[in-house]
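Here's a quick tour of some helix packing and a ligand site. Have a look at the model first, then read on.

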Amino acid sequence: MKVIDHIKNAKDTLVSFEVLPPLKGKGIEALYNHLDPLMEFKPAFINVTYHRSEHVFKKNADGSFQKVVVRKRPGTESICAAIMNKYDVDTVPHLICGGFDINETEDALINLHYLGIDNVLVLRGDAAKNETSFEPEPRGHRYASELLQQVVDLNAGIYLEDDLKNTHKTNFCIGVAGYPEKHFEAPNMDTDMDYLKRKIDMGADYIITQMFFDNEKYYSFVKACRDAGITVPIIPGLKPIYTRKQLTVLPKTFHIDLPADLANEIAKCKSDEDVEKVGEEWLLAQSRDLKKNGVPVLHYYTLGRPHMVANVVREL
Ligand code: FAD
(Lines give C-alpha, C1' and ligand atoms only; values in the text may rest on other atoms or scores of the structure.)
Protein backbone atom coordinates (compact mmCIF):
# COMPACT_ATOMS: atom_id res chain seq x y z
CA MET A 1 0.00 0.00 0.00
CA LYS A 2 1.11 3.56 -0.63
CA VAL A 3 2.41 5.73 2.22
CA ILE A 4 -0.19 8.34 1.34
CA ASP A 5 -3.01 5.77 1.66
CA HIS A 6 -1.71 4.63 5.05
CA ILE A 7 -1.94 8.26 6.17
CA LYS A 8 -5.40 8.80 4.66
CA ASN A 9 -6.78 5.64 6.33
CA ALA A 10 -5.19 6.25 9.74
CA LYS A 11 -7.28 7.20 12.77
CA ASP A 12 -4.25 8.05 14.90
CA THR A 13 -0.56 8.93 14.49
CA LEU A 14 1.30 6.10 12.74
CA VAL A 15 4.88 4.97 13.29
CA SER A 16 7.47 4.11 10.67
CA PHE A 17 11.12 3.10 10.85
CA GLU A 18 14.19 3.70 8.75
CA VAL A 19 17.01 1.18 8.43
CA LEU A 20 20.29 0.89 6.57
CA PRO A 21 21.17 -2.07 4.35
CA PRO A 22 23.69 -4.31 6.15
CA LEU A 23 27.38 -3.73 5.51
CA LYS A 24 28.62 -5.88 2.66
CA GLY A 25 29.70 -9.25 4.10
CA LYS A 26 27.33 -9.14 7.11
CA GLY A 27 24.34 -10.94 5.59
CA ILE A 28 20.68 -9.97 5.93
CA GLU A 29 20.22 -11.68 9.35
CA ALA A 30 21.86 -8.66 10.99
CA LEU A 31 19.09 -6.50 9.57
CA TYR A 32 16.36 -8.91 10.68
CA ASN A 33 17.83 -8.89 14.21
CA HIS A 34 17.61 -5.10 14.10
CA LEU A 35 14.01 -5.10 12.90
CA ASP A 36 12.60 -8.01 14.96
CA PRO A 37 12.15 -6.01 18.20
CA LEU A 38 10.44 -3.18 16.28
CA MET A 39 7.81 -5.19 14.45
CA GLU A 40 5.48 -5.50 17.48
CA PHE A 41 4.65 -1.79 16.92
CA LYS A 42 3.14 -2.55 13.52
CA PRO A 43 4.95 0.14 11.53
CA ALA A 44 2.98 1.50 8.59
CA PHE A 45 6.11 1.29 6.44
CA ILE A 46 9.86 0.79 6.65
CA ASN A 47 12.32 2.95 4.76
CA VAL A 48 15.61 1.54 3.50
CA THR A 49 18.37 4.04 2.80
CA TYR A 50 20.51 4.08 -0.35
CA HIS A 51 24.30 4.19 -0.28
CA ARG A 52 26.16 5.12 -3.43
CA SER A 53 29.47 3.64 -4.53
CA GLU A 54 32.61 5.42 -3.50
CA HIS A 55 35.96 5.66 -5.25
CA VAL A 56 38.80 4.77 -2.89
CA PHE A 57 42.54 4.54 -3.47
CA LYS A 58 44.19 1.25 -2.43
CA LYS A 59 47.94 1.07 -2.03
CA ASN A 60 49.68 -1.62 -4.12
CA ALA A 61 52.73 -3.58 -2.97
CA ASP A 62 54.97 -1.43 -5.20
CA GLY A 63 53.77 1.77 -3.48
CA SER A 64 51.55 2.87 -6.37
CA PHE A 65 47.83 3.55 -5.81
CA GLN A 66 44.90 1.95 -7.53
CA LYS A 67 41.48 3.59 -7.80
CA VAL A 68 38.73 1.10 -6.94
CA VAL A 69 34.97 1.40 -6.67
CA VAL A 70 33.52 0.23 -3.35
CA ARG A 71 29.87 -0.09 -2.41
CA LYS A 72 29.69 -0.73 1.32
CA ARG A 73 25.93 -1.18 1.69
CA PRO A 74 24.47 -2.59 -1.51
CA GLY A 75 21.02 -4.08 -2.07
CA THR A 76 18.42 -1.44 -1.15
CA GLU A 77 15.84 -2.66 -3.68
CA SER A 78 16.16 -6.38 -2.85
CA ILE A 79 16.25 -5.66 0.91
CA CYS A 80 12.91 -3.84 0.56
CA ALA A 81 11.45 -6.89 -1.16
CA ALA A 82 12.94 -9.22 1.50
CA ILE A 83 11.48 -7.12 4.36
CA MET A 84 8.06 -7.05 2.67
CA ASN A 85 8.19 -10.79 2.22
CA LYS A 86 9.32 -11.59 5.77
CA TYR A 87 7.20 -9.14 7.76
CA ASP A 88 4.30 -8.34 5.41
CA VAL A 89 4.93 -4.61 5.77
CA ASP A 90 5.22 -1.90 3.13
CA THR A 91 8.70 -0.64 2.33
CA VAL A 92 10.04 2.61 0.95
CA PRO A 93 13.35 2.37 -0.88
CA HIS A 94 15.37 5.57 -1.06
CA LEU A 95 16.40 6.41 -4.60
CA ILE A 96 19.16 8.94 -5.25
CA CYS A 97 20.55 10.83 -8.22
CA GLY A 98 24.22 10.34 -7.25
CA GLY A 99 25.91 7.40 -8.96
CA PHE A 100 23.05 6.71 -11.40
CA ASP A 101 22.46 7.76 -14.97
CA ILE A 102 18.90 8.03 -16.25
CA ASN A 103 18.91 4.56 -17.82
CA GLU A 104 20.06 2.90 -14.59
CA THR A 105 17.40 4.88 -12.73
CA GLU A 106 14.72 3.65 -15.11
CA ASP A 107 15.90 0.05 -14.67
CA ALA A 108 15.86 0.43 -10.87
CA LEU A 109 12.30 1.78 -10.99
CA ILE A 110 11.14 -1.02 -13.29
CA ASN A 111 12.70 -3.58 -10.90
CA LEU A 112 10.93 -2.01 -7.92
CA HIS A 113 7.65 -2.05 -9.81
CA TYR A 114 8.06 -5.74 -10.69
CA LEU A 115 8.80 -6.45 -7.01
CA GLY A 116 5.45 -4.90 -6.04
CA ILE A 117 7.00 -1.88 -4.31
CA ASP A 118 4.74 1.15 -4.74
CA ASN A 119 6.73 3.71 -2.78
CA VAL A 120 9.97 5.62 -3.35
CA LEU A 121 11.66 8.42 -1.44
CA VAL A 122 13.30 10.54 -4.13
CA LEU A 123 16.55 12.28 -3.11
CA ARG A 124 19.56 13.87 -4.65
CA GLY A 125 22.18 12.22 -2.41
CA ASP A 126 25.28 13.92 -1.08
CA ALA A 127 28.60 14.52 -2.78
CA ALA A 128 30.81 11.45 -3.06
CA LYS A 129 33.66 11.40 -0.53
CA ASN A 130 36.21 12.42 -3.19
CA GLU A 131 34.07 15.39 -4.38
CA THR A 132 33.80 18.82 -2.81
CA SER A 133 30.27 19.32 -4.09
CA PHE A 134 27.64 17.06 -5.62
CA GLU A 135 28.38 16.04 -9.21
CA PRO A 136 25.78 14.16 -11.22
CA GLU A 137 26.80 11.22 -13.42
CA PRO A 138 27.04 11.92 -17.13
CA ARG A 139 23.35 11.67 -18.21
CA GLY A 140 22.37 11.65 -14.54
CA HIS A 141 20.16 13.97 -12.52
CA ARG A 142 21.51 17.06 -10.75
CA TYR A 143 18.54 17.67 -8.42
CA ALA A 144 15.94 15.49 -6.74
CA SER A 145 13.29 17.31 -8.80
CA GLU A 146 14.77 15.89 -12.02
CA LEU A 147 14.64 12.36 -10.61
CA LEU A 148 11.10 13.06 -9.41
CA GLN A 149 10.14 14.04 -12.97
CA GLN A 150 11.43 10.69 -14.22
CA VAL A 151 9.25 8.83 -11.70
CA VAL A 152 6.24 11.01 -12.57
CA ASP A 153 6.86 10.25 -16.27
CA LEU A 154 7.03 6.51 -15.63
CA ASN A 155 3.78 6.76 -13.66
CA ALA A 156 2.33 8.23 -16.87
CA GLY A 157 3.81 5.41 -18.97
CA ILE A 158 6.56 7.61 -20.44
CA TYR A 159 9.78 5.61 -20.74
CA LEU A 160 13.16 6.81 -22.00
CA GLU A 161 12.71 4.95 -25.29
CA ASP A 162 10.00 7.09 -26.82
CA ASP A 163 9.20 4.55 -29.56
CA LEU A 164 7.69 2.13 -26.99
CA LYS A 165 3.95 1.78 -27.66
CA ASN A 166 1.06 0.96 -25.27
CA THR A 167 3.35 1.14 -22.28
CA HIS A 168 2.53 0.01 -18.76
CA LYS A 169 2.19 2.79 -16.17
CA THR A 170 3.95 2.43 -12.83
CA ASN A 171 2.12 3.59 -9.73
CA PHE A 172 4.69 5.01 -7.35
CA CYS A 173 3.79 7.10 -4.34
CA ILE A 174 6.61 9.64 -4.13
CA GLY A 175 8.15 11.14 -1.00
CA VAL A 176 10.74 13.93 -0.91
CA ALA A 177 13.04 15.36 1.77
CA GLY A 178 12.43 18.62 3.64
CA TYR A 179 14.73 20.51 5.99
CA PRO A 180 13.24 22.32 9.03
CA GLU A 181 16.66 23.90 9.59
CA LYS A 182 17.38 24.50 5.86
CA HIS A 183 19.39 22.36 3.47
CA PHE A 184 23.03 23.27 4.02
CA GLU A 185 23.62 24.39 0.42
CA ALA A 186 20.55 26.62 0.15
CA PRO A 187 21.36 30.32 0.50
CA ASN A 188 18.30 30.90 2.72
CA MET A 189 15.07 29.28 3.94
CA ASP A 190 12.92 30.99 1.29
CA THR A 191 14.95 29.66 -1.63
CA ASP A 192 14.98 26.18 -0.11
CA MET A 193 11.20 26.42 0.32
CA ASP A 194 10.75 27.46 -3.34
CA TYR A 195 12.57 24.34 -4.49
CA LEU A 196 10.63 22.16 -2.07
CA LYS A 197 7.36 23.64 -3.36
CA ARG A 198 8.53 22.90 -6.89
CA LYS A 199 8.93 19.20 -5.97
CA ILE A 200 5.40 19.11 -4.55
CA ASP A 201 3.93 20.91 -7.56
CA MET A 202 5.63 18.37 -9.82
CA GLY A 203 3.81 15.51 -8.09
CA ALA A 204 5.46 14.52 -4.80
CA ASP A 205 2.89 13.09 -2.38
CA TYR A 206 4.48 13.85 0.98
CA ILE A 207 7.57 15.19 2.73
CA ILE A 208 9.81 13.47 5.31
CA THR A 209 11.96 15.86 7.29
CA GLN A 210 15.58 15.79 8.21
CA MET A 211 16.01 14.94 11.90
CA PHE A 212 15.49 17.75 14.39
CA PHE A 213 15.73 17.90 18.19
CA ASP A 214 13.63 20.99 18.79
CA ASN A 215 9.97 20.50 17.86
CA GLU A 216 9.50 24.24 17.44
CA LYS A 217 11.74 24.00 14.36
CA TYR A 218 9.37 21.42 12.88
CA TYR A 219 6.24 23.43 13.71
CA SER A 220 7.73 26.59 12.14
CA PHE A 221 8.71 24.60 9.07
CA VAL A 222 5.20 23.15 8.71
CA LYS A 223 3.73 26.66 9.02
CA ALA A 224 6.16 28.01 6.39
CA CYS A 225 5.21 25.12 4.07
CA ARG A 226 1.48 25.81 4.55
CA ASP A 227 2.05 29.54 3.96
CA ALA A 228 3.87 28.64 0.74
CA GLY A 229 0.84 26.61 -0.39
CA ILE A 230 2.25 23.14 0.35
CA THR A 231 -0.64 20.99 1.55
CA VAL A 232 0.84 17.46 1.53
CA PRO A 233 1.56 15.55 4.78
CA ILE A 234 4.86 16.47 6.43
CA ILE A 235 6.30 13.51 8.35
CA PRO A 236 8.75 14.37 11.14
CA GLY A 237 12.03 12.44 11.12
CA LEU A 238 13.33 11.59 14.62
CA LYS A 239 16.61 10.16 15.77
CA PRO A 240 17.75 8.91 19.18
CA ILE A 241 20.93 10.46 20.50
CA TYR A 242 23.17 7.99 22.34
CA THR A 243 26.82 9.10 22.48
CA ARG A 244 28.57 12.27 23.60
CA LYS A 245 30.36 12.34 20.26
CA GLN A 246 27.05 13.01 18.52
CA LEU A 247 27.03 16.48 20.12
CA THR A 248 29.56 17.50 17.49
CA VAL A 249 29.05 14.85 14.81
CA LEU A 250 25.32 15.47 14.23
CA PRO A 251 25.60 19.25 13.67
CA LYS A 252 28.62 18.72 11.42
CA THR A 253 27.11 15.91 9.35
CA PHE A 254 23.47 16.96 9.18
CA HIS A 255 23.71 20.75 9.61
CA ILE A 256 21.25 20.82 12.50
CA ASP A 257 21.28 22.44 15.94
CA LEU A 258 21.03 20.61 19.24
CA PRO A 259 19.01 22.65 21.78
CA ALA A 260 21.04 23.98 24.74
CA ASP A 261 19.00 21.97 27.29
CA LEU A 262 19.76 18.71 25.50
CA ALA A 263 23.42 19.56 24.86
CA ASN A 264 23.93 20.57 28.53
CA GLU A 265 22.32 17.36 29.83
CA ILE A 266 24.51 15.26 27.54
CA ALA A 267 27.64 17.19 28.46
CA LYS A 268 26.99 16.27 32.13
CA CYS A 269 26.79 12.52 31.38
CA LYS A 270 29.65 10.34 32.65
CA SER A 271 29.12 7.41 30.24
CA ASP A 272 27.36 6.58 26.98
CA GLU A 273 24.76 4.61 29.02
CA ASP A 274 23.88 7.89 30.73
CA VAL A 275 23.66 9.59 27.33
CA GLU A 276 21.29 6.86 26.15
CA LYS A 277 18.99 7.62 29.11
CA VAL A 278 18.99 11.34 28.32
CA GLY A 279 18.53 10.64 24.59
CA GLU A 280 15.63 8.28 25.22
CA GLU A 281 13.84 10.75 27.51
CA TRP A 282 14.32 13.51 24.96
CA LEU A 283 13.02 11.37 22.12
CA LEU A 284 10.00 10.33 24.18
CA ALA A 285 9.19 13.95 25.07
CA GLN A 286 9.55 15.00 21.43
CA SER A 287 7.37 12.10 20.26
CA ARG A 288 4.63 12.77 22.85
CA ASP A 289 4.46 16.43 21.90
CA LEU A 290 4.36 15.70 18.16
CA LYS A 291 1.67 13.06 18.63
CA LYS A 292 -0.38 15.46 20.76
CA ASN A 293 -0.10 17.96 17.93
CA GLY A 294 -1.51 15.46 15.46
CA VAL A 295 1.44 14.64 13.20
CA PRO A 296 0.52 11.97 10.62
CA VAL A 297 3.46 9.65 11.28
CA LEU A 298 6.41 9.48 13.70
CA HIS A 299 9.31 8.36 11.50
CA TYR A 300 12.27 7.01 13.47
CA TYR A 301 15.80 6.78 12.16
CA THR A 302 16.57 3.60 14.08
CA LEU A 303 20.21 3.44 12.97
CA GLY A 304 22.18 1.45 15.50
CA ARG A 305 19.74 1.78 18.44
CA PRO A 306 16.47 -0.10 17.74
CA HIS A 307 15.96 -0.84 21.48
CA MET A 308 15.87 2.91 22.28
CA VAL A 309 13.23 3.47 19.61
CA ALA A 310 11.32 0.41 20.85
CA ASN A 311 11.32 1.75 24.44
CA VAL A 312 10.00 5.12 23.26
CA VAL A 313 7.26 3.73 21.03
CA ARG A 314 6.16 1.34 23.81
CA GLU A 315 5.81 4.28 26.21
CA LEU A 316 3.72 6.18 23.65
P1 FAD B 1 17.38 18.54 -3.63
O2 FAD B 1 15.92 18.66 -3.46
O3 FAD B 1 17.88 18.34 -5.03
O4 FAD B 1 18.05 19.85 -3.02
C5 FAD B 1 19.46 19.94 -2.89
C6 FAD B 1 19.87 21.43 -2.79
O7 FAD B 1 19.67 22.05 -4.06
C8 FAD B 1 19.03 22.24 -1.81
O9 FAD B 1 19.90 23.21 -1.25
C10 FAD B 1 17.96 22.89 -2.68
O11 FAD B 1 17.52 24.12 -2.11
C12 FAD B 1 18.72 23.11 -3.97
N13 FAD B 1 17.92 22.98 -5.18
C14 FAD B 1 16.91 22.13 -5.41
N15 FAD B 1 16.47 22.25 -6.69
C16 FAD B 1 17.23 23.22 -7.26
C17 FAD B 1 17.28 23.81 -8.55
N18 FAD B 1 16.43 23.41 -9.52
N19 FAD B 1 18.20 24.77 -8.80
C20 FAD B 1 19.06 25.18 -7.83
N21 FAD B 1 19.05 24.67 -6.57
C22 FAD B 1 18.16 23.69 -6.30
N23 FAD B 1 21.20 10.54 1.15
C24 FAD B 1 21.62 9.35 0.63
O25 FAD B 1 22.66 9.32 -0.04
N26 FAD B 1 20.90 8.20 0.80
C27 FAD B 1 19.75 8.18 1.52
O28 FAD B 1 19.14 7.12 1.67
C29 FAD B 1 19.28 9.41 2.10
N30 FAD B 1 18.12 9.45 2.79
C31 FAD B 1 17.64 10.65 3.27
C32 FAD B 1 16.39 10.69 3.91
C33 FAD B 1 15.88 11.90 4.39
C34 FAD B 1 14.52 11.93 5.05
C35 FAD B 1 16.64 13.09 4.26
C36 FAD B 1 16.12 14.39 4.81
C37 FAD B 1 17.88 13.06 3.61
C38 FAD B 1 18.39 11.85 3.11
N39 FAD B 1 19.61 11.78 2.42
C40 FAD B 1 20.06 10.59 1.89
C41 FAD B 1 20.46 12.97 2.31
C42 FAD B 1 20.14 13.79 1.03
O43 FAD B 1 20.49 13.04 -0.10
C44 FAD B 1 20.96 15.08 1.12
O45 FAD B 1 20.47 15.89 2.16
C46 FAD B 1 21.16 15.85 -0.16
O47 FAD B 1 22.21 16.81 0.07
C48 FAD B 1 19.94 16.64 -0.65
O49 FAD B 1 18.95 15.83 -1.09
P50 FAD B 1 17.53 16.45 -1.56
O51 FAD B 1 16.75 15.34 -2.10
O52 FAD B 1 16.96 17.28 -0.49
O53 FAD B 1 18.05 17.40 -2.78
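Helix α9 (residues 260–268) packs on helix α10 (residues 272–292) at an angle of about 160°, and their axes are 9 Å apart. That makes α9 roughly antiparallel to α10, since angles over 145 degrees get that label and those under 35 degrees count as roughly parallel. Axes here are lines fitted to C-alpha atoms over the stretch in contact, with angles running from 0 to 180 degrees between N-to-C directions. Helices are DSSP runs (H or I, at least four residues), numbered from the N terminus.

As for handedness, α9 passes α10 in a right-handed crossing, meaning the near helix is turned clockwise from the far one by less than a right angle. On the α9 side, Asp261, Leu262, Glu265 and Ile266 meet Val275, Val278 and Trp282 of α10; contact means heavy atoms within 4.5 Å. Sorted by class, the residues of this α9 contact with α10 are 5 nonpolar, no polar and 2 charged. In that scheme Ala, Val, Leu, Ile, Met, Phe, Trp, Tyr, Cys and Pro are nonpolar, Asp, Glu, Lys and Arg are charged, and the others, Gly among them, are polar.

One caveat: this is a predicted model, where local features need pLDDT of at least 70 and side-chain atom pairs pLDDT 80 or more, while totals for chains, interfaces and linings use all residues. Numbering starts from 1 along each chain as its sequence is written, and side-chain values use heavy atoms, leaving out hydrogens and water.

Helix α10 also meets helix α7 (residues 215–227): their axes come within 10 Å and cross at roughly 30°. That makes α7 roughly parallel to α10. Asn215, Tyr218 and Tyr219 of α7 touch Gln286, Asp289 and Leu290 of α10, which gives 3 nonpolar, 2 polar and 1 charged residues.

Now for the ligand. Which residues come nearest to the ligand? Of the 24 around it, they are Asp126, Tyr179, His183, Asp192 and Lys199, where being near takes a heavy atom within 4 Å. Some polar contacts (pairs of N or O atoms within 3.5 Å) are listed below.

| Residue | Atom facing a ligand oxygen | Distance |
|---|---|---|
| Gly125 | polar backbone atom | 2.9 Å |
| Tyr179 | side-chain N or O atom | 2.7 Å |
| Ala186 | polar backbone atom | 3.4 Å |

Terms used: Helices (H or I, at least four residues) and strands (E, at least two) are DSSP runs, numbered from the N terminus. Angles under 35 degrees count as roughly parallel, over 145 as roughly antiparallel, 65 to 115 as roughly perpendicular and the rest as oblique. A polar contact is a pair of N or O atoms within 3.5 Å; within protein, one must be able to donate a hydrogen and the other to accept it, and residues adjacent in sequence count only if both atoms are side-chain atoms.
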